[in-house]
Amino acid sequence: MDGNFNENDISRVVEADRAHIWHHLSQHKQYETVDPRIIVEGKGMRVWDQKGKEHIDAVSGGVWTVNVGYGRERIADAVRDQLVKLNFFAGSAGSIPGSNFAEMLIDKMPGMSRVYYASSGSEANEKGFKMVRQIAHKRYGGKKHKILYRDRDYHGGTIGTMAAGGQDERNAQYGPFPEGFIRVPHCLEYRKHEQDGAPVENYGVWAADQIEAVILREGPDTVGALCLEPVTAGGGVITPPDGYWGRVQEICKKYDILLHIDEVVCGVGRTGTWFGYQQYGVKPDMVTMAKGVASGYAAISCLVTTEEVFNMFKEDTADHMSYFRDISTFGGCTAGPAAGIENMRIIEEENLLQNTTDMGHYMLDQLNALADKHAVIGQVRGKGLFLGAELVADRDTRDPVAEALVGQVVGDCMAQGTIIGATNRSLPGKNNTLCFSPALIATKDDIDQIVASVDGALGRVFG
Ligand SMILES: Cc1ncc(COP(=O)(O)O)c(C=O)c1O
């Protein structure tokens with residue numbers, strides 16, 4: 001830390017926080033007896049709290065966001081320069097960084113062509129849902145309006161995106177939700193013993209076929225889109241089984257169903273390719289992205305579509321209702337695309353996609369080595385620097401460990417100065433996966449430090 005804060009300043013900040021801040025995802029009773037954590041500064045892979053304690057951040061800002069690491073002056077400079085030139089104009093007009101960033105993005109997404117700007121992942125997903133609904137009205141008399149989503153996936157915290165949320169514990173107490181959102185089964189092979197009829201061989205194709213079964217049950221002429229994460233994030237870091245995506249693509253084509261890929265976590269490098277879907281040869285109709293797009297240096301999200309989807313909203317000029325009648329005020333903030341441009345340049349210039357692939361393999365190996373030592377690790381999985389370790393009470397039955405014990409592991413790591421994540425209050429009885437998503441700049445030394453902390457924590461919590 002640069003020492004800009006003195007003791008008095010910081011205790012005033014803590015008291016103001018205690019008095020006025022409503023922290024996300026937090027039960028506040030604890031702050032009557034312990035101080036809320038304030039993160040004061042960040043550099044590279046590390047952050048410092050109000051006590052000056054250094055932490056290595058294995059989750060890129062807590063929620064897989066700060067892809068290029070903290071303290072990037074060139075992003076801050078680009079944002080500053082843009083803000084004094086033009087900070088905002090409504091998205092009904094264009095902007096210089098908006099156009100330039102869209103061109104860069106589309107260059108990384110062959111087959112896609114149009115960028116719609118918004119300000120959060122939830123919002124981008126909502127825009128996608130609205131497009132599906134409007135297409136249903138324009139083309140199918142409103143009938144083909146249903147949106148399929150998958151068990152354990154997450155698409156945001158708004159009421160609309162929670163209607164498409166596959167995490168029952170996260171959704172509990174927030175209903176009723178809008179209609180027309182239909183759940184399909186998850187594709188977590190490690191838990192196939194809990195799915196009726198799951199085969200020993202070719203699980204991936206079977207899991208995709210379960211989506212077809214839902215489509216046939218609902219009626220293909222009622223289903224407009226399928227919304228999926230390429231690798232499920234908060235639902236337990238679920239990498240798709242072999243054969244899954246190819247079959248999903250076939251099913252969408254067969255029934256004329258739009259494929260909406262939620263890249264809010266996987267997008268912009270996290271898995272070692274620009275987008276997670278590119279790992280699996282998928283051809284989406286719509287792609288949403290947020291967190292890593294500007295690594296948290298500015299709030300930006302994008303909904304990217306094919307020209308075919310775009311054209312459905314353009315051609316019918318005789319109908320005054322035919323275009324996408326939607327706006328996101330802060331989608332017109334220029335800081336987002338200005339930061340996005342620098343963020344992407346950094347990833348290219350520092351060869352961070354390759355680093356993510358290499359370090360992702362290294363971290364997977366190190367976590368697997370931990371699994372040899374700690375029987376509580378049932379499975380390690382992930383892609384690139386996006387990894388999870390599922391903790392089980394018994395390797396044979398695969399019964400999950402209690403969420404409280406997972407919380408103790410996270411707390412022990414924090415005490416050691418290592419910030420890791422875990423599935424939490426999302427899936428009833430299944431919040432048992434440790435989550436890792438270090439910045440794409442991570443080195444072997446960083447990973448060794450993270451894995452050593454987890455090793456120590458598992459030893460202390462589980463013996
Ligand atoms: C896969 C996925 N989609 C969407 C969202 C929602 O993004 P936001 O919190 O920016 O609204 C998240 C947030 O964690 C996410 O993990």
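Predicted model: local features only at pLDDT ≥ 70, side-chain atom pairs only at ≥ 80, totals over all residues.

Start with the contact between two helices, α12 and α14. On the α12 side, the residues in contact are M359, Y362, M363, Q366, L367 and L370, and on the α14 side they meet K444, I447, V451, V454 and D455. Sorted by class, this contact has 8 nonpolar residues, 1 polar residue and 2 charged residues.

How do the two helices lie relative to each other? Two packed helices are described by the angle between their axes and by the distance between those axes. Here helix α12 covers residues 352-373 and helix α14 covers residues 444-462; their axes come within 10 Å and cross at roughly 25°. An angle under 35 degrees counts as roughly parallel, and α12 and α14 are therefore roughly parallel to each other. As for hand, the crossing of α12 and α14 is right-handed.

Next, the sheet. As a reminder, strands of a sheet pair through backbone hydrogen bonds, and the pairing is either parallel or antiparallel. This sheet is open and has 4 strands, in the order β1-β2-β3-β13, with mixed pairing. Its edge strands are β1, residues 39-43, and β13, residues 418-419, and each of these pairs on one side only.

Let me take two of the pairings. Strand β2, residues 46-49, pairs with β3 in the antiparallel sense, over 3 bridges. Within that pair, W48 has E54 in β3 as its bridge partner. β2 and β3 form a hairpin with 4 residues between the strands, and in this hairpin G52 takes a positive phi near 80°.

The other pairing is between β3, residues 54-57, and β13; this one is parallel, over 2 bridges. There, D57 has I419 in β13 as its bridge partner.

Last, the ligand. Which residues come nearest to the ligand? There are 16 residues around it, and the nearest of them are S120, G121, S122, G156 and V264. By class, the shell around the ligand consists of 6 nonpolar, 8 polar and 2 charged residues. Helix α5, residues 121-140, gives the largest share of that shell, with 3 residues.

That is where I will stop.

Methods
Residues numbered from 1 in each chain as written. Near = placed C-beta within 6 Å. Nonpolar A, V, L, I, M, F, W, Y, C, P; charged D, E, K, R; others polar. Pairing = 2+ DSSP bridges. Axes fitted to C-alpha atoms, helices over the stretch in contact; angles between N-to-C directions. Parallel < 35°, antiparallel > 145°, perpendicular 65-115°, else oblique. Left-handed = near helix turned anticlockwise from the far one by under 90°. Contact = placed C-beta atoms within 7 Å.
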